[in-house]
Amino acid sequence: MKQMKYLTLLLLAAISCQKLHKPELDDKNTLNGVKCYVYYNPENLKIYSTLDMPLSGDNVSQMGPVTSINYTFPADEQKYNAQTLKSCRLEASIPPTASLVELDASGNELGKGIGGLRDLAGKTVYFKVVAANGEARRYQIRFRLN
């Protein structure tokens, strides 16, 4: 019986001496994609179009710590005009360990995510993507009518 107690104590001592292994926090904070949903009829949200925004090329520039994206809606006055763009929703693709925080023009936090219906006619949306380790990358998207 004494041997069992000593073995149990020895086992507990060995286990308690091990260091806890914490995984390294991910530093991925890139914006992988943005979609815009334009709802033509606010009473029937089944009628909409989906637009993928290009995140490379002439429409993207680096302004200091902010990545600026300029997006011009396609030239279709029936689908994309000041009235229809009052009911839009944005969807961002970010790394699975990151989070997205909406900002105002001064950089103050407004809240988590960029969901919900919003007016995008001539507007700019500001946000940051925050990695699991706390590193943040700021973005702004300017929307324009053609």
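The accessible surface of the protein chain comes to about 9,800 Å², and carbon and sulfur atoms account for 52% of that area. The model is a predicted one. Of the 146 residues in the protein chain, 29% are buried.

**Fold elements**

The protein chain holds 1 helix and 9 strands. Read from the N terminus, the order is α-β-β-β-β-β-β-β-β-β. Among contacts between residues at least 6 apart in sequence, 60% join residues at least 24 apart.

**Aromatic pairs**

The whole structure contains 7 aromatic pairs. Two of them are set out here.

| Pair | Geometry | Centre to centre | Angle between planes |
|---|---|---|---|
| Tyrosine 37 and tyrosine 48 | edge-to-face | 5.8 Å | 65° |
| Phenylalanine 73 and phenylalanine 143 | stacked | 5.9 Å | 25° |

Tyrosine 37 belongs to strand β1 (residues 33-39) and tyrosine 48 to strand β2, so their pair ties together parts that are 11 residues apart in sequence. Tyrosine 37 counts as buried because its relative accessibility is 9%, under the 20% limit. Tyrosine 48 has 41% relative accessibility and therefore counts as partly exposed, a class that runs between 20% and 50%. Tyrosine 37 also has a charged group over its ring: arginine 89 lies over the face of tyrosine 37, at 4.2 Å from the ring centre.

The pair of phenylalanine 73 and phenylalanine 143 links distant parts of the chain, 70 residues apart. Phenylalanine 73 sits in the loop between β4 (66-72) and β5 (88-93), while phenylalanine 143 is in strand β9 (residues 136-144). Phenylalanine 73 has a relative accessible area of 1% and is therefore buried. Phenylalanine 143 is also buried, at 1% relative accessibility. Both phenylalanines belong to a cluster in which ring pairs link Tyr71, Phe73, Tyr80 and Phe143.

**Surroundings of serine 49**

Serine 49 is located in strand β2 (residues 48-53). With a relative accessible area of 11%, serine 49 falls under the 20% limit and so is buried. Its contacts, leaving aside neighbours within four places in sequence, are Cys36, Tyr37, Val38, Tyr40 and Tyr80. With tyrosine 80 there is a polar contact between the two side chains, at 3.1 Å.

Methods: Residues numbered from 1 in each chain as written. Predicted model: local features only at pLDDT ≥ 70, side-chain atom pairs only at ≥ 80, totals over all residues. Heavy atoms only, no water. Helix = DSSP H or I, 4+ residues; strand = E, 2+ residues; numbered from the N terminus. Buried < 20%, exposed > 50% of the residue type's maximum accessible area, 1.4 Å probe, protein only. Contact = heavy atoms within 4.5 Å. Areas by Shrake-Rupley, 256 points an atom, 1.4 Å probe, with all protein chains shown as cover. Polar contact = N/O pair within 3.5 Å; in protein donor to acceptor, adjacent residues only side chain to side chain. Phe/Tyr/Trp six-rings, centres within 6.5 Å; stacked < 30°, edge-to-face > 60°. Lys NZ or Arg CZ within 6 Å of the ring centre and 35° of its normal.
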